[in-house]
Amino acid sequence: MAKADAVHSYLCPQENTVIIQPEDDITHVGTASSGTKTMKPARGVVLAVGTTKALGNGGRHAMDVRLGDLVIYTKGKGKQVRVDNDEYLLLDRDEILAVAD
């Protein structure tokens with residue numbers, strides 16, 4: 001997790017935000033009906049996780065993704081950030097579609 005430690009030293013995600021290192025090699029399984037424009041899912045590794053999400057009733061909702069998780073998200077979502085020639089993606093937790101096993 002040396003990469004995660006290095007990222008966390010200069011990028012600290014805020015509430016309900018996750019820092020992802022996108023994978024270059026993306027595999028997509030599925031079909032789309034012709035004439036429909038869809039964004040394909042992409043994969044990435046979680047390098048940093050923000051604090052829990054605040055709920056309207058004053059409580060907090062725990063983040064369900066952890067450092068090192070491989071996640072699936074919709075390509076084109078989030079904000080791209082470049083730090084020291086490395087590219088990262090800042091995603092809201094709600095933009096993550098699934099956690100891969």
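1. The model is predicted, with local features needing pLDDT of at least 70 and side-chain atom pairs counted only at pLDDT 80 or more, while totals for chains, interfaces and linings use all residues. Residues are numbered from 1 along each chain as its sequence is written, and side-chain values use heavy atoms, with hydrogens and water left out.

2. An open sheet of 6 strands runs in the order β6-β7-β1-β2-β5-β8 with antiparallel pairing, where strands are DSSP runs of E of at least two residues, numbered from the N terminus, and two strands pair if DSSP finds at least two bridges between them. The edges are taken by β6 (79-83) and β8 (96-100), each of which has a single partner strand, so one side of each is left without a neighbour in the sheet. From one strand to the next the twist averages 40°, the axes being lines fitted to C-alpha atoms and the angles running from 0 to 180 degrees between N-to-C directions.

3. Within this sheet, β1 (residues 17-22) and β7 (residues 86-92) pair in the antiparallel sense over 4 bridges, and Ile20 stands opposite Leu89 in β7.

4. The whole structure holds 3 salt bridges, each defined as a side-chain nitrogen of Lys or Arg within 4 Å of a carboxyl oxygen of Asp or Glu. One of them joins the side chains of Arg43 and Glu23 at 2.9 Å, N to O, and links distant parts of the chain, with Arg43 in strand β2 (residues 41-49) and Glu23 in the loop between β1 and β2, 20 residues apart. Arg43 is partly exposed at a relative accessible area of 26%, as is Glu23 at 25%, on a scale where buried means under 20%, exposed over 50% and partly exposed in between (1.4 Å probe, protein chains only).

5. Arg93 and Asp64 also meet through their side chains in a salt bridge, at 2.6 Å, N to O; Arg93 lies in the loop between β7 and β8 and Asp64 in the loop between β4 and β5 (70-74), 29 residues apart. Arg93 counts as buried at 16% relative accessibility, whereas Asp64 counts as partly exposed at 45%.

6. Is Leu55 buried or partly exposed? Leu55, which sits in the loop between β3 (53-54) and β4 (60-61), counts as partly exposed because its relative accessibility is 36%. Leaving aside residues up to four places away in sequence, Leu55 touches Arg60 and His61, contact meaning heavy atoms within 4.5 Å.
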